[in-house]
Amino acid sequence: MTPSKTILVVGKTGTGKSTICNIIVDKDIFPEGEYGVSMTKESKSETIHHNGVNYIIKDTCGLGDTSLTEREVLDRMASTFSSSTLSSIHQIIYVFNGKFSQQEIFTYKLLKTIFGQDVAHITTIVRTRFPKYKEPSQCEADKNAMMNESSDIREILATCNKLIHLNNLTADEQEKKENRTDARTRLLIHLMGCNQSISINSSLMNSNIDKHFQAIQDEKNRALLREQEAREKEIQLMRLKEEAERQRVILEQQRIQQEAQILAEKKKFGYDVWNRKVLLKNWRNHYVFYNCGSTPTVHPQSYFYIQELDGYKVAIRNCYGDYLCSRPGGQGTRVTTSVSLDHGCKFTILPTEYGRYAVLTPYGTYFRFNHNLDIQTYIDENERCLIEIQGSTPDFIPKSGEIPFSSPCKQQ
Ligand SMILES: Nc1nc2c(ncn2[C@@H]2O[C@H](COP(=O)(O)OP(=O)(O)O)[C@@H](O)[C@H]2O)c(=O)[nH]1
Ligand SMILES: [Mg+2]
């Protein structure tokens, strides 16, 4: 029986596949198209006998054909093989011209997907439209240039069977078509030496093609899912930001309302002593002295500072910056001073109908001046509890231990 070799010619549309088939079979039976126009819609075969071998040349419709989907192209390629019996492919001629582009790399890699991992060593890459194809140095230089272009191309060229350069001019371009004759010789010599093969049938190819498209679909689905997740995250983030902003606005409004309410109440109570240096005058018209005693005349040490705390609460600081401080115990409890602001230092100043103020301690008792004119606290508000506050300037905030006035007390 005459041995046979199946040669599959693949590549993008318009690269010269049908031309190569015509050249090998030495007939004009594969329709050649104008550049870029696909003339081969169905895969077509022709067998020739050469040097004791039958060569079955299979032309295929171009990958990247504009009128067929990639799926259709691959399905048609699969349909050229029988579905049950395994056929051998001895060589795949991958045709390209011009640049080995990214799309070309993708198309070339498709062969592995369809025919299996071993396809590279039975693949011959043919570069057509290469005018200087007869000059080995030019072909070598072109190969090197391609190798340097990318690691993908380098790997493709390193693992394929061979790279052949050709320039298959038409009769219009070259009357006697010597280039084509020359190409036939080169191709047949090359094919004669190609003795390895892979086995394939259409079911196997179809299953590989299915897997390929399934993988593409899976990746698309994953990308869609990622996109959707990213979108959802973005929406969630936006909602969180909106909620945070809403909360901020609410809190800000509450703060403004609270401030307005406090201010309104302060106005209602006639408080005008906040954050001011003041003189505190007791029921005997004595000025309260820094150590909580009292003096009949104004003295630098009788100045106090009313410091606003939160809400209506104030701290009262003497000229040394120390806080007046009440201690729990109610009736008869003396007021002292404290260097730190603790609970007992937080007073509420209440205006009364006499134009004086009552100072309420955090323990619910009032400042009251006893007959020694010391400050005590007492549970009832009465005349001795009323203090006149003479406002001064809001100009200083004494720190503990600091003497804010130029006065004899500086020397103390
Ligand atoms: N100048 C030149 N023209 C070529 C070459 N190979 C093919 N052609 C022309 O390019 C056009 C497309 O070729 P064809 O074989 O139909 O491409 P296919 O779509 O890959 O089958 C035809 O007009 C061919 O004559 C080549 O190496 N050099
Ligand atoms: Mg064609």
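## Briefing: a mixed sheet and its surroundings

In this predicted model, His50 stands across from Val53 of strand S3. That pair belongs to two antiparallel strands, S2 (residues 44-50) and S3 (residues 53-59), which are joined by seven bridges. The protein chain as a whole holds seven helices and 21 strands, and 29% of its 412 residues count as buried.

**Overall fold**

**The hairpin of S2 and S3**

- Two residues lie between the strands of this hairpin, and Asn51 adopts a positive phi near 50°.
- Strands of a sheet pair through backbone hydrogen bonds, in either a parallel or an antiparallel manner.

**The six-stranded sheet**

- Strands S2 and S3 form part of an open sheet of six strands, whose order is S2-S3-S1-S5-S6-S7 and whose pairing is mixed.
- Strand S2 and strand S7 (162-165) are the edge strands, each of them pairing on one side only.
- On average, neighbouring strands of this sheet are turned by 25° against each other, direction ignored.
- Strand S1 (residues 4-11) pairs with strand S5 (residues 91-97) in the parallel sense, over five bridges.
- Within this pairing, Leu8 has Ile92 in S5 as its bridge partner.
- Helix H1 (residues 17-25) packs on the sheet and touches S1, S2, S3, S5 and strand S6 (123-128). The direction of H1 makes about 160° with that of S3.

- Ile164 is located in strand S7.
- Ile164 has 20 C-beta neighbours inside 10 Å and therefore counts as buried, since the cut-off for a buried residue is 20 or more.
- Not counting residues up to four places away in sequence, Ile164 touches Thr124, Val126, Arg186 and His190.
- Between Ile164 and Val95 there are 69 residues in sequence separation and 9.5 Å in space, C-alpha to C-alpha.

- Helix H4 (residues 136-149) comprises 14 residues and extends 20 Å from its first C-alpha to its last, close to the 20 Å expected at 1.5 Å a residue.
- The number of buried residues among the 14 of H4 is zero, so this helix lies largely in the open.
- The axes of H4 and helix H5 (residues 151-159) come within 5 Å and cross at roughly 130°. The two helices are therefore oblique to each other.
- Where H4 meets H5, Lys143, Met146, Met147 and Glu149 are the residues from H4, and Ile153, Arg154 and Leu157 those from H5.
- An α-helix has 3.6 residues a turn, so residues three or four places apart point the same way.

**The annotated coiled-coil region**

- An unreviewed UniProt entry lists residues 223-261 as "coiled-coil region".
- In the model, residues 223-261 are 100% helix and 0% strand, with 56 Å between the end C-alpha atoms.

**Lys281 in strand S9**

- Lys281 is part of strand S9 (residues 276-281).
- Lys281 is partly exposed, because 19 other C-beta atoms lie within 10 Å and a buried residue needs 20 or more.
- Leaving aside neighbours within four places in sequence, Lys281 is in contact with Tyr287, Ile387, Glu388 and Gln390.
- Lys281 and Ile389 are separated by 108 residues in sequence but by 6.3 Å in space, C-alpha to C-alpha.

How values were computed. Residues are numbered from 1 along each chain as its sequence is written. Chains are lettered from A and ligands numbered from 1 in the order in which they are written. This is a predicted model: local features need pLDDT of at least 70, side-chain atom pairs count only at pLDDT 80 or more; totals for chains, interfaces and linings use all residues. Helices (H or I, at least four residues) and strands (E, at least two) are DSSP runs, numbered from the N terminus. The expected span of a helix is 1.5 Å times one less than its number of residues. A residue is buried if 20 or more other C-beta atoms lie within 10 Å of its own, exposed if 12 or fewer, and partly exposed in between; C-beta atoms are placed from the backbone. UniProt positions are given in the numbering used here, feature names are shortened, and annotations may be inferred rather than shown by experiment. Two strands pair if DSSP finds at least two bridges between them. Axes are lines fitted to C-alpha atoms, for helices over the stretch in contact, and angles run from 0 to 180 degrees between N-to-C directions. Angles under 35 degrees count as roughly parallel, over 145 as roughly antiparallel, 65 to 115 as roughly perpendicular and the rest as oblique. Two residues are in contact if their C-beta atoms, placed from the backbone, lie within 7 Å.
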